Amino acid sequence: MKKRIIRDDEGVGHTTVYETGDFEYVNPIEFYSNHQIQTVMSMERDLLLMHNLGIPISSINAFTNKRAIVWWDEWYKEILATEIPPNFIELLGNNSKKEQIKLLKGQSFSPNQLIALIFKAWTDFGFTLSQYTGMHHHKGLDESELPELVEVMSKKIRKVGETTLTEGQLKHAVEFRNRTVSKFLDSGDTWHCFFLTFKALKGKESWKGGQAHYHYISDKFQISRSKAVEQLKSEKYPSTPVHIDLIDYGHQSEQG
C-alpha cells in the first residue's frame, strides 16, 4: 500500500490517498489482510493525531492496530459468508473456452462476491492473485499540466496544485479519462482474468444501456498471459464476448 498526503493549496487541510498499485502472484487473503489493516490503522491514527489529544504515539499505534484487526476479522467473516454463484466456482476448474463463455453468460456478481471468489480460488484451488492497471487520458492532453488532484462533484470542480487548465478542461480530462483494472487468478499455466474499465463503471460502454460490468478472458482465449497484460495496460484491451454485470456497486466521486 502506498499512502500519499496531498496538502490543500490554502494549507488548511489535506487529502489522504491510499493506492494499492500493481502486484503479482500473492496470497490474496494475506494481501488483503495486510492492506486493510494498514489502511484502517493509518486512517484512525491520523484522526487521533489531528485532534492533538496528547496521547503517546505508542498508545495510539496499539489502539488503532487492535481496532483495525477487529475490523478486518469482521469483514473477513462477512466475505467468507458471502454466497458465490456456482457457475464461477465451476469456472475455476473448467478447461474449455466454449464452456467458460457458456458458464458466464448472463452472470453477475457484487464486489463482495468477487472478493469471496478470489479467496475461495486460493483456499480451494491454489490460485494466486495479481493486479495490473492502465491509465489513459484523451488525446491532445498535456498530462504535465494536470494539478496534483482533481475532484468532480456534481457541477463543482475541486483541484489541488498548479495548472494552466480551465475548470472546463479539467472536467473534460476527468470525464474522458479511462482506467483499466485487471485481476488475474493464476495456478501454473492456467489463469483467469476479470477486468473492468472506468468507462464501464460510468455506464459509457454499450452494454445493457450503461450497466456496469466486468470482462473476462483466460488462457483458453488463444492469448498469452504476457500479451494480455500488455494489452490491458494499453489503450486497447483484449477482445472478449463475456460481460459480467457488476451489481450493488455505488458510484463515487471521480478523482485524478
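The accessible surface of the protein chain amounts to about 14,300 Å², and carbon and sulfur atoms account for 50% of that area. The model is a predicted one. Of the 256 residues in the protein chain, 42% count as buried. The secondary structure of the protein chain consists of eight helices and 12 strands. Where contacts in the protein chain join residues at least 6 apart in sequence, 65% of them link residues at least 24 apart.

The packing of helices can be followed through helix 5. Two packed helices are described by the angle between their axes and the distance between the axes. Helix 1 (residues 28-50) and helix 5 (residues 111-125) have axes that come within 9 Å and cross at roughly 130 degrees. An angle of 65 to 115 degrees would count as roughly perpendicular and one over 145 as roughly antiparallel; helix 1 and helix 5 are therefore oblique to each other. On the side of helix 1, the contact involves Pro28, Ile29 and Tyr32, which meet Ile115, Ile118, Phe119, Trp122 and Thr123 of helix 5. By class, the residues in this contact of helix 1 with helix 5 comprise seven nonpolar, one polar and no charged.

Helix 5 also packs against helix 2. The axes of helix 2 and helix 5 come within 9 Å, with a crossing angle of roughly 90 degrees, so helix 2 is roughly perpendicular to helix 5. Helix 2 contributes Trp72, Trp75, Tyr76, Glu78 and Ile79 to the contact, and helix 5 contributes Asn112, Ile115, Ala116 and Phe119. The contact of helix 2 with helix 5 has seven nonpolar, one polar and one charged residues. Ile115 and Phe119 of helix 5 take part in the contact with helix 1 and also in the contact with helix 2.

Charged side chains provide a further set of links. Side chains of opposite charge can pair when their charged atoms come close. The count of salt bridges comes to seven. One of them joins the side chains of glutamate 44 and arginine 67, at 2.7 Å from N to O. This pair links distant parts of the chain, with glutamate 44 in helix 1 and arginine 67 in helix 2 (residues 57-80), 23 residues apart. Arginine 67 is partly exposed, having a relative accessible area of 43%.

Another salt bridge is formed by the side chains of aspartate 245 and lysine 208, with an N to O distance of 2.8 Å. Aspartate 245 belongs to strand 11 (residues 243-246), while lysine 208 is in the loop between helix 7 (198-201) and strand 10 (213-218), so the pair ties together parts that are 37 residues apart in sequence. At 11% relative accessibility, aspartate 245 is buried, whereas lysine 208 is exposed, with a relative accessible area of 54%. A further salt bridge connects the side chains of lysine 227 and glutamate 230 at 3.7 Å, N to O. Lysine 227 and glutamate 230 are three residues apart in helix 8 (residues 225-233) and so are separated by about one helical turn. Lysine 227 is partly exposed, its relative accessible area being 36%.

Threonine 180 is in strand 8 (residues 178-187). Because buried means under 20% relative accessible area, threonine 180, at 3%, is buried. Beyond its neighbours within four places in sequence, threonine 180 is in contact with Tyr132, Thr133, Gly134, Phe195, Leu196, Thr197 and Leu232. Threonine 133 is 47 residues from threonine 180 along the chain, yet their C-alpha atoms are separated by 5.5 Å. Serine 182 also lies in strand 8 and is buried, at 1% relative accessibility. Leaving aside neighbours within four places in sequence, serine 182 is in contact with Ser130, Gln131, Tyr132, Cys193, Phe194, Phe195 and Leu232.

The backbone calls for a remark at two positions. Most residues other than glycine have a negative phi. Tyrosine 25, although not a glycine, has a positive phi of about 50 degrees. Tyrosine 25 is found in strand 3 (residues 23-26) and is partly exposed, with a relative accessible area of 44%. Glutamine 222, also not a glycine, has a positive phi of about 55 degrees. Glutamine 222 lies in the loop between strand 10 and helix 8 and counts as exposed, at 66% relative accessibility.

How values were computed. Residues are numbered from 1 along each chain as its sequence is written. This is a predicted model: local features need pLDDT of at least 70, side-chain atom pairs count only at pLDDT 80 or more; totals for chains, interfaces and linings use all residues. Side-chain values use heavy atoms; hydrogens and water are left out. Axes are lines fitted to C-alpha atoms, for helices over the stretch in contact, and angles run from 0 to 180 degrees between N-to-C directions. Helices (H or I, at least four residues) and strands (E, at least two) are DSSP runs, numbered from the N terminus. Angles under 35 degrees count as roughly parallel, over 145 as roughly antiparallel, 65 to 115 as roughly perpendicular and the rest as oblique. Contact means heavy atoms within 4.5 Å. Ala, Val, Leu, Ile, Met, Phe, Trp, Tyr, Cys and Pro count as nonpolar, Asp, Glu, Lys and Arg as charged, and the others, Gly among them, as polar. Buried means under 20% relative accessible area, exposed over 50%, partly exposed in between (1.4 Å probe, protein chains only). Accessible areas come from the Shrake-Rupley method with a 1.4 Å probe; for residues, only the protein chains shown count as cover. A salt bridge is a side-chain nitrogen of Lys or Arg within 4 Å of a carboxyl oxygen of Asp or Glu.
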